[in-house]
Amino acid sequence: MPQSARRWGTLTGVSLASFMTFLDNNVVNVALPTIQRDLHLSISGLEWIVSAYILVFSGLMLVGGRLSDIYGRRRLFLTGLAVFTVASLLSGLAGSETVLIAGRALQGVGAAMAMPSTLAIISDTFSDPKERARAVGVSSAAGALSLALGPLTGGFISQHFHWGWIFLINVPIGLATIAITAYSMPARPRAVRRPLDLPGLVTSAATLFSATYALIEGHDRGWTSPLILGSFALAAVALAAFLAIEVRTADPMMDLSLFRSAVFSGGNAALVLWGFGLIGVYFFTALYLQNVLGYSPTKAGASFIPMALLMAATATIAAPVSRRFGAARTVAFGLALIVVGLLLAARVGEHGHYIDLLPAFVALGIGSGFTMMPLNGAIIGVLPPNRAAAASGILNTGREVSGLLGVTVIGAILTARQSSATRGGATQLHAFLDGYQFAIVIAAAIVAIGIPIALTTLRGTDRRTEPVQLTPPAVDVDLENAS
């Protein structure tokens, strides 16, 4: 197979994997009311269906990055795709809340194995800076495209077929992606085997799970109940222990020295704030469109298409815009548009129409396009060659944690406001609307924090327009002959 064909075949496999894993962040959202009626779920049950995937994905992302360093990126990538495909089959056939949540969690395991090294795989594959930048753009556009097709696909399937098909469609795509990648991606040298940071794994997982549990279950069990307060305390203690372990471990799961770079730390912070606002709004706006405006699942899913297409289109021009005006100003502008979009969405009430929501969707789409690509380019540019996959895992972990926080924190704010409105005599619909609008305004205020962060920390990237090549050190080489 020609080398050029191998490179673009590898990019196709990586892009399809990005498409699938990002699709599962949002394909379920529009189908939630249908799943809720079929499985008789509460709001917290719906949050667990969404959060189980993101929680496991984000919690194991750094482990996936380390394992890809140990066993080889190709091997872990293919294994993760296989696990994700089997888990999609389990989720699609689930007949109960427990089985569905378990399937979603297993999907997270597969995604955490496959995704951490995607940026490093692209950098390994494309040595020319311009080709590499174009490849990163293609992969980012594939993720953005999933934001367009996810809600539409989820809505159409849940309205016209059984909702399980929103997961079953991953099976043929997953098998095709495995075949393309196995044929195109060559085995590459890998660095010396290093021990897995089990204490770091346990403490990071405990932090994410206990915080997520407290945020989702806090309303039902009481925010001041011993169980919820204990969960928050466990999260704080586990986080402190994780940081202490990573500082002292000779070969940590998360290299905290990376955060000494203002670009790396500030870029990841801006990325988390972006995902917090966007993914959280995706989840609850899908409920708003159906429960308040009375949209069908298909119509609700189609409503997100202009936003996602604008996101994908803007991502393709964001690189030259960033070179012209600098990453700092480009990202700050993108985040400002997202804040404007959130505030516009919060103004649309019970009797709103799609034309009232369209300006918000336009601002969110364009703002996201100008945020994602420059941030990825800036962060990739400071990744060290000898920790490429692990550093890439930190980037992907930040994005997934942002979605987890978006769903749980915005959900906690919405639920608390909704309960207060209900106690004040509001109907169920008006109580939900009051909570939804208030939560989005709070989300806008939180996302706005990213504007000064971007302006302050990304200035140093104005001259670094292309990412550096990421290759592991050529020492203690062990080819992946078995793969």
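Biologist: How do the axes of helix α18 and helix α19 cross?
Modeller: In this predicted model, the axes of α18 (residues 428-448) and α19 (residues 450-457) come within 5 Å and cross at roughly 15°. Axes are lines fitted to C-alpha atoms, over the stretch in contact, with angles from 0 to 180 degrees between N-to-C directions. So α18 is roughly parallel to α19 (under 35 degrees).

Biologist: Which residues meet there?
Modeller: I446, V447 and A448 in α18 meet G450, I451 and P452 in α19 (contact is heavy atoms within 4.5 Å). By class, that's 5 nonpolar, 1 polar and no charged residues; Gly counts as polar, while Ala, Val, Ile and Pro count as nonpolar and Asp, Glu, Lys and Arg as charged.

Biologist: Switching topic, how many helices and strands does the chain have?
Modeller: It has 19 helices and 0 strands, taken as DSSP runs (helices H or I, at least four residues; strands E, at least two) numbered from the N terminus.

Biologist: And what share of the chain is buried?
Modeller: 59% of the 483 residues, where buried means under 20% relative accessible area with a 1.4 Å probe, protein chains only.

Biologist: Which residues are buried in α14?
Modeller: M307, A308, M311, A312, T314, A315, A318 and S322.

Biologist: What comes just after α14?
Modeller: G326, with a positive phi of about 95°.

Biologist: Anything on how it's all counted?
Modeller: Residues are numbered from 1 along each chain as its sequence is written, and side-chain values use heavy atoms, leaving out hydrogens and water. Local features need pLDDT of at least 70 and side-chain atom pairs 80 or more, but totals for chains, interfaces and linings use all residues.

How values were computed: Buried < 20%, exposed > 50% of the residue type's maximum accessible area, 1.4 Å probe, protein only. Parallel < 35°, antiparallel > 145°, perpendicular 65-115°, else oblique.
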